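Please read this briefing with the sequence and the 3D view side by side. The points below are grouped by topic.

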Amino acid sequence: MGAHHRPSMLSRAGAASALTLAAVGATAILPGAAPAADASSVSTAALWIAASKAGSPYQWGATGPYRFDCSGLTQYAFKRAGKQLPRTAEEQYNRTHHIPASARQMGDLVFFHGRGGVYHVGIYAGDGVIWHAPKTGSVVRRERIWSKNVSYGRVNG
């Protein structure tokens with residue numbers, strides 16, 4: 001198929017993916033857009049990849065591509081974006097550069113803390129929401145951050 005007959009990225013992606021592109025900032029993904037810094041482009045790509053898994057069932061210990069637990073989703077998304085992460089939320093927390101909430105950006109990891117340490121992780125999507133694989137019986141979804149007991153980590157490019 002010739003270049004002049006190729007459908008645009010948005011028409012190929014479909015409506016759900018177009019919404020995902022809008023949610024994560026289409027300028028970082030669309031051809032001809034200004035390139036982002038390495039770390040932010042990896043994180044933005046990971047966010048887009050995680051969002052593309054919306055509706056995938058949660059399964060404890062699963063790392064994709066069709067089922068995920070929380071850290072399996074973040075590991076999968078960053079691996080597909082070109083960056084290796086360890087397997088568990090606690091290990092991912094220990095591997096990231098910790099940043100204050102005021103410096104968080106889309107694509108940063110959000111870590112949830114409890115008495116036993118880090119118990120959950122998601123990918124920050126902006127406006128106080130994350131993409132994550134919540135728990136047994138649920139699916140990968142976009143959801144508002146429900147706790148104040150969180151910290152943020154940036155994956156270096």
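Asp-69 is buried, with a relative accessible area of 7%, where buried means under 20% relative accessible area, exposed means over 50% and partly exposed lies in between, computed with a 1.4 Å probe on protein chains only. This is a predicted model, in which local features need pLDDT of at least 70 and side-chain atom pairs count only at pLDDT 80 or more, while totals for chains, interfaces and linings use all residues. Residues are numbered from 1 along each chain as its sequence is written, and side-chain values use heavy atoms, with hydrogens and water left out.

**Surroundings of Asp-69**

- Asp-69 sits in the loop between helix 2 (38–52) and helix 3 (70–80); helices (H or I, at least four residues) and strands (E, at least two) are DSSP runs numbered from the N terminus.
- The side chain of Asp-69 makes a polar contact with the side chain of Arg-87 at 2.7 Å; a polar contact is a pair of N or O atoms within 3.5 Å, where within protein one must be able to donate a hydrogen and the other to accept it, and residues adjacent in sequence count only if both atoms are side-chain atoms.
- A polar atom of the Asp-69 side chain also lies 2.7 Å from the backbone nitrogen of Gly-72.
- Leaving aside neighbours within four places in sequence, Asp-69 is in contact (heavy atoms within 4.5 Å) with Tyr-58, Gln-59, Trp-60, Gly-61, Ala-62, Arg-87 and Ala-133.

**Helix 3**

- Helix 3 is mostly covered, with 9 of its 11 residues buried, and these buried residues are Cys-70, Ser-71, Gly-72, Leu-73, Thr-74, Gln-75, Tyr-76, Ala-77 and Phe-78.
- Helix 3 lies across strand 2, strand 3 and strand 4, running at about 45 degrees to strand 3; axes are lines fitted to C-alpha atoms, for helices over the stretch in contact, and angles run from 0 to 180 degrees between N-to-C directions.
- Just after helix 3, Gly-82 takes a positive phi of about 105 degrees.

- An open sheet of 6 strands has the order 1-6-2-3-4-5 with antiparallel pairing, where two strands pair if DSSP finds at least two bridges between them.
- Strand 1 (97–99) and strand 5 (141–144) stand at the edges with a single partner strand each, so one side of each is left without a neighbour in the sheet.
- Because 5 of the 6 residues of strand 2 are buried, strand 2 is largely enclosed by the rest of the structure.
- Strand 2 pairs with strand 3 in the antiparallel sense over 6 bridges, and a hairpin joins these two strands through 2 residues; Phe-112 stands opposite His-120 in strand 3.
- Strand 2 also pairs with strand 6, again in the antiparallel sense, over 4 bridges, and here Val-110 stands opposite Tyr-152.
- Strand 3 and strand 4 run antiparallel and are joined by 3 bridges, with Gly-126 opposite Val-129 in strand 4.

**Nonpolar cores**

- The largest nonpolar core has 28 residues, and those with the most contacts inside it are Phe-78, Leu-109, Ile-123 and Trp-131; a nonpolar core is a set of buried Ala, Val, Leu, Ile, Met, Phe, Trp, Tyr and Cys residues joined through side-chain atoms within 4.5 Å.
- Helix 2, helix 3, helix 4, strand 2, strand 3 and strand 4 (129–132) each supply at least two residues of this core, and helix 2 gives the most, with 6 residues.
- Apart from this core lies another, of 8 residues, among them Phe-112, Tyr-124, Ile-145 and Val-150.

**Aromatic pairs**

- The count comes to 5 aromatic pairs; rings of Phe, Tyr and Trp (its six-membered ring) pair if their centres lie within 6.5 Å, and planes under 30 degrees apart count as stacked, over 60 as edge-to-face and the rest as tilted.
- The rings of Tyr-93 and Phe-111 have centres 5.3 Å apart and planes at 85 degrees, so this pair is edge-to-face; the pair links Tyr-93 in helix 4 (residues 89–95) to Phe-111 in strand 2 (residues 109–114), 18 residues apart, and both Tyr-93 and Phe-111 are buried.
- The rings of Tyr-124 and Tyr-152 have centres 6.1 Å apart and planes at 85 degrees, so this pair is edge-to-face; Tyr-124 lies in strand 3 (residues 117–126) and Tyr-152 in strand 6 (residues 150–154), so the pair ties together parts that are 28 residues apart in sequence.
- Tyr-124 counts as buried at 5% relative accessibility, and Tyr-152 is buried with a relative accessible area of 4%.
- Phe-112, Tyr-119 and Trp-146 are linked into a cluster by ring pairs.
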